[in-house]
Amino acid sequence: HVIDLTTGKNAYLETLRKRKSFYQDTQRCRRKLSSEIGAVKFGYDSTPPLDAVQNVLDRKQAQYRASGAVAVFDRFERRAWIAALNEVHSPYCALSVATLKAGDRDCAWHFGLICQGVMHYWFPVYEKSLGKYSPGRMLVLDLVEAAADLGIMTIDLGAGDAPWKRNLANVTQKIGKVFWRRPSVLSLPAQVLVGLEWRLGQSRE
């Protein structure tokens, strides 16, 4: 699922307004969050310090554990890879952190990669106690609002068919996964395990 902004944010938002229940509910949540918690503020850092990146990863890790998903950041080499990637400051491809606050409270975060105008929406996470306000939706829409200034033409929401992705996307892309194995009895257990992992991943979307 993809948010295509090549025709401008206004064209995209006009499409979104036609999904009245979703768009109006998100706007209602924004007003409610602002009145009950504090003014809603969007933040974006195109050269985030490592501790800001680690904060998002720690929160995402906690979300994975709470949902029973694989805790992908338990492995040191993955954290080290991200830390190394964060040191790369290129005008063509770089990591970024986006945040949403209400008053003094942190509400939602996103850590991902922006590459030649495409924002790869990798790791979004929100404060669970504020879930009734749908801060994750707001963060995406605030990114849309700021997209032109940030050089973002497309927001790739990634694989999976989660309802929030369907509601936000205006373009759908078909992707596939391939597992190649040698035709032998010894490789069959690996095929079964990979297939099971893919199905569990789809069920967690």
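What share of the 205 residues of the chain count as buried? The figure is 37%, where buried means under 20% relative accessible area, exposed means over 50% and partly exposed lies in between, with a 1.4 Å probe and protein chains only. Please keep in mind that this is a predicted model, in which local features need pLDDT of at least 70 and side-chain atom pairs count only at pLDDT 80 or more, while totals for chains, interfaces and linings use all residues. Residues are numbered from 1 along each chain as its sequence is written, and side-chain values use heavy atoms, with hydrogens and water left out.

In sequence order they run β-α-α-β-α-α-β-β-β-α-β-α-α.

Let me turn to helix α3, residues 50–67, whose 18 residues should span 26 Å at 1.5 Å a residue, a value that agrees with the 26 Å between its end C-alpha atoms; the expected span is 1.5 Å times one less than the number of residues. Within α3, the buried residues are V53, V56, L57, K60, Q61 and Y64. They cover an arc of only 140 degrees around the axis, which puts them on the same side of α3, the arc being that of the directions from the helix axis to the C-beta atoms. An α-helix has 3.6 residues a turn, so residues three or four places apart point the same way. On the other side of α3, D51, R65 and A66 are exposed.

Definitions and conventions
Helix = DSSP H or I, 4+ residues; strand = E, 2+ residues; numbered from the N terminus.
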